[in-house]
Amino acid sequence: MYVLGIETSCDETAVAIFHSSKGLVHHLLYSQIDMHSEYGGVVPELASRDHIRKLIPLVKQVVQESGLVNADLGGIAYTAGPGLMGALLVGAATARSMAWALQIPAVAVHHMEGHLLVPMLEDNPPQFPFLALLISGGHTLLVHVSAIGQYELLGESLDDAVGEAFDKTAKLLGLGYPGGPKLAALAERGTEKIRFPRPMTDRPGLDFSFSGLKTFAMNTINAAPKTEQDKADIAASFQAAIADTLSIKCRRALKQTGLNRLVVAGGVSANTHIRTALTTMAAGENTEIYFPRAQFCTDNGAMIAYAGCQRLMAGQHEGLSITVRPRWPMMELSLAC
Ligand code: KG4
Ligand code: ZN
């Protein structure tokens, strides 16, 4: 079965086709970054309007470049949340209308489940059960994953998500949007000279808190005028604190659960310093670690096509009403086979 996947939850219009036995067929992405960078962040209304402009041409292109026609599709998956309401509605309405016209099932996919499952597209996919660390712009989640749809929340951020902390700190350093990759690039030229706190690591539990790091960065920046080298050192110190905190919490979760596989996904999993720190930690815990390829760390259509295909094959599909959920806890998911 060929499944078309549509992702429009934020600032990327992304489309892919996944085949239940052949695997990933094709994927394309149009990023709105240039449009939003002028404003220093995502402008929701502009995002929705741009998805309207770009989505249908992108769907046509993916189908055509895959050597397929619409009638070859067996199902359509779309991100139904969490995300920006208007942006989600563009993907949902397009997917559902297409499915209706083609008389094929459509399935609503949870954006974070997409991130969680996308390492399954790699050559050496993880076996269940595993521990998942999901680090994106909106979420920081530690999850015990027993199977698709069987998720137990072990820990989450009580305030800013990791990606959000990167973006806000980048802004304080005068870097543009999106700040995460820019801060990471600046950090390459710096060293860890300032000791940032490792929040919530000195007490038991698996929750996170990252908003204090941004405040610490702000106070450091404001204390005295800063050279470019000072800024690079702040970036490196901030990044080291995040990498360390994530490693400490993941080690704790591995010990607590007895799991020996760790999946790391979401936009921030593209960060090479964090990847290295987590890989070193995992090696010390005799744990296999799995990451998506770099282009599938951030938002993409492949993750939605893959997750949707699994759900369609389990018999799940939507009724007639078109709904999206800007807020949608992943722990509410299940999968009836
Ligand atoms: O998963 P994603 O594309 O979107 C959400 O679901 O939120 O994640 C985007 C987040 C942004 O906060 C972005 O700054 C961050 O991931 N990010 C990074 C890197 N690449 C993307 N943060 C740190 N280092 C990176 N290399
Ligand atoms: Zn995402």
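Biologist: At what N to O distance do the side chains of Lys-231 and Glu-228 meet in a salt bridge?

Modeller: The model is a predicted one. Lys-231 and Glu-228 both belong to helix H8 (residues 228-257), where they are 3 residues apart, about one turn of the helix. Lys-231 is partly exposed at 23% relative accessibility, whereas Glu-228 is exposed at 55%. Their side chains meet in a salt bridge with an N to O distance of 3.8 Å.

Biologist: Which residues are linked with Lys-168 in a network of salt bridges?

Modeller: Lys-168 forms a salt bridge with Glu-164, the closest N and O atoms being 3.1 Å apart, and these two residues lie 4 residues apart in helix H5 (residues 162-172). A salt bridge also joins the side chains of Lys-168 and Asp-160, at 3.2 Å from N to O. The network that contains Lys-168 links it with Asp-160, Glu-164 and Lys-214.

Biologist: How many salt bridges does a search of the whole structure find?

Modeller: The pair Lys-231 and Glu-228 meets in a salt bridge, and so does the pair Lys-168 and Asp-160. For the whole structure, the number of salt bridges found is 15.

Biologist: UniProt lists His-111, His-115 and Asp-299 for "binding site"; why do they gather at one spot?

Modeller: The listing comes from an unreviewed UniProt entry and names His-111, His-115 and Asp-299. They span 189 residues in sequence, yet they gather at one spot, because no two of their C-alpha atoms are more than 8.7 Å apart.

Biologist: What is the relative accessible area of His-115?

Modeller: His-115 is part of helix H4 (residues 111-117). Its contacts include Ala-265, Gly-266, Cys-297 and Asp-299. His-115 is buried, and its relative accessible area is 1%.

Biologist: Which residue's backbone nitrogen does the side chain of His-19 reach at 3.3 Å?

Modeller: His-19 is found in strand E2 (residues 12-19) and is buried at 10% relative accessibility. Not counting residues up to four places away in sequence, His-19 touches Met-1, Tyr-2 and Val-25. At 3.3 Å, the backbone nitrogen reached by the side chain of His-19 is that of Met-1.

Biologist: What accessible area do Met-85, Leu-89 and Ile-322 have together?

Modeller: Ile-322 is located in the segment after H10 and is partly exposed, with a relative accessible area of 39%. With Met-85 and Leu-89, Ile-322 forms a nonpolar patch on the surface, and together they have an accessible area of about 250 Å².

Terms used
Residues are numbered from 1 along each chain as its sequence is written. Chains are lettered from A and ligands numbered from 1 in the order in which they are written. This is a predicted model: local features need pLDDT of at least 70, side-chain atom pairs count only at pLDDT 80 or more; totals for chains, interfaces and linings use all residues. Side-chain values use heavy atoms; hydrogens and water are left out. Buried means under 20% relative accessible area, exposed over 50%, partly exposed in between (1.4 Å probe, protein chains only). A polar contact is a pair of N or O atoms within 3.5 Å; within protein, one must be able to donate a hydrogen and the other to accept it, and residues adjacent in sequence count only if both atoms are side-chain atoms. Contact means heavy atoms within 4.5 Å. UniProt positions are given in the numbering used here, feature names are shortened, and annotations may be inferred rather than shown by experiment. Patches are made of residues with over 30% relative accessible area and no salt bridge: like charges are joined within 9 Å, nonpolar side chains (Val, Leu, Ile, Met, Phe, Trp, Tyr) within 5 Å. Accessible areas come from the Shrake-Rupley method with a 1.4 Å probe; for residues, only the protein chains shown count as cover. A salt bridge is a side-chain nitrogen of Lys or Arg within 4 Å of a carboxyl oxygen of Asp or Glu.
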